[in-house]
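Visitor: Hi, could you walk me through this model? I'd like to ask things as they come up.

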Amino acid sequence: MVFSIQDIDSGDNGRIVCSISEDLPFVLKSSVENYYTLETERPLDRESRAEYSITITVTDLGTPRLKTEYNTTVLVSDINDNAPAFTQTSYTLFVRENNSPALHIGSVNATDRDSGTNAQVTYSLLPPQDPHLPLASLVSINTDNGHLFALRSLDYEALQAFEFHVGAADRGSPALSSEALVRVLVLDANDNSPFVLYPLQNGSAPCTELVPRAAEPGYLVTKVVAVDGDTGQNAWLSYQLLKATEPGLFGVWAHNGEVRTARLLSERDAAKHRLVVLVKDNGEPPRSVTATLQVLLVDGFSQPYLPLPEAAQAQAQTESLTVYLVVALASVSSLFLLSVLLFVAVRLCRRSRAASVGRCLVPEGPFPGHLVDVSGTSTLSQSYQYEVCLTGGSGTNEFKFLKPVIPNIQAKGPGKNSEENPTLQNSFEFNF
């Protein structure tokens with residue numbers, strides 16, 4: 001500011017000295033006669049001190065000295081020179097799996113040292129560094145207060161942890177911003193029951209374990225193998241013999257699932273045993289599953305395997321089906337063979353009849369003609385002789401009568417008229 005000072009005295013009584021406190025970032029400078037300026041001596045920081053109270057003291061050089069004090073207040077206006085600052089550089093949030101959608105899982109907070117609109121902060125989710133992370137479907141943030149919400153139910157077995165960045169920006173001009181890392185850890189819940197890998201429980205016939213009768217106490221019969229999809233104490237498994245055909249004969253180790261004999265075997269023990277083993281996790285509440293084992297006592301491993309009733313029934317059904325198939329195949333084969341034999345017999349019978357009607361069968365190829373007597377006791381009163389030529393390869397079954405070649409009339413006896421008993425000797429060609 002610029003101000004002036006007046007003293008109506010003269011001489012030294014009118015000469016004045018002007019001063020302010022030395023601990024202030026201001027200085028007084030004399031410009032022209034009786035005029036002074038108040039200037040800043042160094043940069044001001046509103047965030048450090050927003051208001052100054054200045055006392056200007058004016059003293060004359062007279063005797064006695066007289067003085068006057070003037071008080072003024074200087075307010076420092078704000079500029080947007082501070083970016084929002086998070087209370088933490090990184091946040092770690094915990095959420096238990098199978099949460100309800102829109103669950104509030106935590107908050108982030110940022111402050112701005114400026115004032116007014118320069119100090120108003122808005123929050124946002126920044127694009128994740130992992131392009132495969134569906135951040136927009138996992139969490140959301142309230143732009144005004146920084147509250148984070150889980151948009152859907154999380155599954156620990158599918159996604160155990162994920163992280164992203166949150167941005168905070170003020171409303172100044174130009175706007176300034178900052179960011180912080182948020183890491184979300186999904187806590188495991190006991191939502192998976194133990195799963196038995198051995199022995200398989202979904203087979204049509206259960207697996208049978210063979211145990212010799214000479215086995216000593218503690219003999220390892222088999223081992224139940226199970227896993228749990230959870231982690232921590234939710235995946236700690238314990239084993240317990242739930243049911244047995246003969247209690248006290250077998251035992252199960254609680255921590256590893258080994259099934260062992262508890263005592264010596266005797267001849268009085270049954271040959272077949274059924275064991276039900278309970279597999280339980282250590283979650284809250286605990287989850288469990290049962291495994292069924294079939295144990296067969298044998299005198300030695302060379303003894304033939306005795307099938308269980310279920311296996312024997314299945315084997316019997318298989319054998320019956322095999323017998324039915326064999327019988328059906330034999331019947332079809334017999335019918336086919338009988339049909340072939342009947343077909344051959346009919347063909348032979350037809351050929352035999354054809355041979356008896358023709359009275360002769362000749363091989364293929366040309367041959368000299370033969371005389372065939374066709375005389376009979378029919379209405380013909382004369383005897384005729386025909387010259388027949390047969391060809392074996394001919395496909396026709398009919399005779400062709402041609403005209404006579406050499407007519408010849410001979411008398412049969414003396415004294416008879418040649419016309420009474422003529423004998424015609426003609427030549428004909430027949431083709432079959």
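Predicted model: local features only at pLDDT ≥ 70, side-chain atom pairs only at ≥ 80, totals over all residues.

Visitor: Thanks. How many helices and strands are in the chain?

Guide: The chain has one helix and 27 strands. These are DSSP runs numbered from the N terminus: helices are H or I with at least four residues, strands are E with at least two.

Visitor: And what share of the residues is buried?

Guide: Of the 432 residues in the chain, 28% are buried. Buried means under 20% relative accessible area, exposed means over 50%, and partly exposed is in between, with a 1.4 Å probe and protein chains only.

Visitor: What about contacts between residues at least 6 apart in sequence?

Guide: Among those, 64% join residues at least 24 apart. A contact is a pair of heavy atoms within 4.5 Å.

Visitor: Can you show me a residue from the inside?

Guide: Take valine 166 in strand S14, residues 161–170. Valine 166 has a relative accessible area of 0%, so it counts as buried.

Visitor: Now charges. Which buried glutamate has no salt bridge?

Guide: That is glutamate 209, and the nearest side chain of opposite charge, arginine 260, is 13 Å away. Here Lys and Arg count as positive and Asp and Glu as negative, while His and the chain ends are not counted. Glutamate 209 sits in strand S17, residues 208–212. Its contacts beyond four places in sequence are Tyr198, Val221, Thr222, Gln294, Val295 and Leu296.

Visitor: So what does arginine 260 pair with?

Guide: Arginine 260 forms a salt bridge with glutamate 258, at 2.8 Å from N to O. A salt bridge needs a side-chain nitrogen of Lys or Arg within 4 Å of a carboxyl oxygen of Asp or Glu. Glutamate 258 is buried, at 14% relative accessibility.

Visitor: How many salt bridges does the structure hold?

Guide: Nine. One of them joins glutamate 39 and lysine 29 at 3.4 Å, N to O. Glutamate 39 is in strand S4 (residues 35–40) and lysine 29 in strand S3 (residues 26–30), so this pair ties together parts ten residues apart in sequence.

Visitor: Over to the surface. Which residues form the nonpolar patch?

Guide: Phe195, Leu197, Tyr198, Val225 and Val227, with about 410 Å² of accessible area together. Strand S16 (195–198) and strand S19 (225–227) each give two or more residues, and S16 gives the most, with three. Patch residues have over 30% relative accessible area and no salt bridge; nonpolar side chains (Val, Leu, Ile, Met, Phe, Trp, Tyr) are joined within 5 Å and like charges within 9 Å. Areas come from the Shrake-Rupley method with a 1.4 Å probe, and for residues only the protein chains shown count as cover.

Visitor: Which residues gather in the patch of positive charge?

Guide: Arg347, Arg350, Arg351 and Arg353. The place of a charge is NZ of Lys, CZ of Arg, CG of Asp or CD of Glu. Arginine 347 is in helix H1, residues 309–358.

Visitor: Last topic: which bonds to proline are cis?

Guide: Threonine 63 to proline 64 is cis, with omega about -10 degrees, and so is serine 173 to proline 174, with omega near -5 degrees. Proline 174 is in the loop between S14 and S15.

Technical notes: Residues numbered from 1 in each chain as written. Heavy atoms only, no water.
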